[in-house]
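Colleague: I would like to learn how to read a structure like this one. Please take me through it feature by feature.

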Amino acid sequence: MSANRTPLGTILVADDNESARDMLEMMLRTHGYRVFSASDGPQALVLLQEQTIDLALIDVVMPGQSGFAVCRAAKDRPETRLTPIVLITGLGRVEDRIRGIEAGADDFLNKPVRKEELLARVKSLVRIKRFTDELESAETVVFTLAASIEAKDPYTEGHCDRLSRYSVALAERLGLSVEEHIALRRGGVVHDIGKVVVPERVLLKPGPLDAHERELMEAHPVIGERICAPLKSFRQVLPIIRWHHERQDGSGYPDHLKGDQIPLPARILQTVDIYDALTTDRPYRKALSSERAFAILHDEARRGWWDGALVNEFEKLLKESPEAWAEEPAVPLLGFSYSSIRRSRDCLTPSKEPREAVITRSAKNV
Ligand SMILES: [Fe+2]
């Protein structure tokens, strides 16, 4: 590679065998890649953490920390979770592949490493990493925008995170898919992103909204859906954003859906959203107790607004595991790979927001 050419990617090579390491390094450098090399696991983890690495090639057999352990550690860290890792194993060792998959490896190379196979694998994984980086940047913008809206109202601080956690805990209890857990994790955070177009005087108004203000406020689900629609990774989040203010009897907005027409994840989010709004301090009243909040939710479910079965399940969940929402979410918020989905199958998660006209009204009526 000439000195002034932009590298095709930055690769980490970790192998305790110096000649094997040098050979990989030479092949990669010759074909335009920048290379960092490590002679053991701890050094590899430091480089993964400190450098911007597009792909790591890690030998399985290293003294001290094995390639599996390095892979598992890297995939457990949020900053390196999305870095592709290729484990280099002995030819035909099926048990290595199984252990590698369990450790979160993205691919494997057999020893002895063939140049053509190495370069094809590296090229393909670096390209995927580039797409992941772009996607992650777009998602970050969306989450940052959502956080900035939440920050406008000091009374809603932490609401998104709690909502996200409550929603995933309830989704787990109901046996929803991992993909739906991820959608709720994200939906909890971004479902009110459309409020970016609602002026602060309306957003923070303590009294009832007039007709025009209500119109502005009620546009936020559709605006939010529009903002997030270009992100393919948010496809399952869009119904949550659009329909989190619908009601069972069709009196909600924007589409006046009824009953099961409202997707279950959207009903989950609205249930925990109202509960969280009722149990936190507002400018016009102190936080209500959990018992009082559920009494209101049951009453409003009987009136035909909310899904009574979900309110029951959520109440049982909080009675059985009152601190479930406080656990660290296992479903990732930013970007995810198939391996991270596999690892997230055993976990719980997160949440967000309030102070809609409806919520405000029910909270003020107590
Ligand atoms: Fe909302």
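Modeller: We begin with terms: helices (H or I, at least four residues) and strands (E, at least two) are DSSP runs, numbered from the N terminus. Two strands pair if DSSP finds at least two bridges between them. Here strand E1 (residues 10–14) pairs with strand E3 (residues 55–59) in the parallel sense, over four bridges. Alanine 14 has isoleucine 58 in E3 as its bridge partner. Residues are numbered from 1 along each chain as its sequence is written. This is a predicted model: local features need pLDDT of at least 70, side-chain atom pairs count only at pLDDT 80 or more, and totals for chains, interfaces and linings use all residues.

Colleague: In what order do the strands of the sheet stand?

Modeller: The order is E2-E1-E3-E4-E5, an open sheet of five strands with parallel pairing. Strand E2 (34–38) and strand E5 (107–111) are at the edges with a single partner strand each, so one side of each has no neighbour in the sheet. For angles, axes are lines fitted to C-alpha atoms, for helices over the stretch in contact, and angles run from 0 to 180 degrees between N-to-C directions. From one strand to the next, the twist averages 20 degrees.

Colleague: Which strands does helix H4 lie across?

Modeller: Contact means that the C-beta atoms of two residues, placed from the backbone, lie within 7 Å. Helix H4 (residues 94–103) lies across strand E4 (85–90) and E5, and runs at about 160 degrees to E4. H5 also packs on the sheet, where it touches E1, E3, E4 and E5, and its direction makes about 165 degrees with that of E5.

Colleague: Which residues touch the most other members of the largest nonpolar core?

Modeller: A residue is buried if 20 or more other C-beta atoms lie within 10 Å of its own, exposed if 12 or fewer, and partly exposed in between. A nonpolar core is a set of buried Ala, Val, Leu, Ile, Met, Phe, Trp, Tyr and Cys residues joined through C-beta atoms within 7 Å. The largest has 41 residues, and Val190, Cys228 and Val272 touch the most other members. H12 gives the largest share of this core, eight residues. A second, separate core of 30 residues includes Val13 and Ile58.

Colleague: Where is confidence lowest, and where is it highest?

Modeller: pLDDT is the predictor's confidence in each residue, from 0 to 100. Helix H16 (residues 357–364) is lowest, at a mean of 33, and H11 is highest, at 97. Over residues 335–366 pLDDT stays under 50. Where pLDDT is low, the predicted coordinates should not be read in detail.
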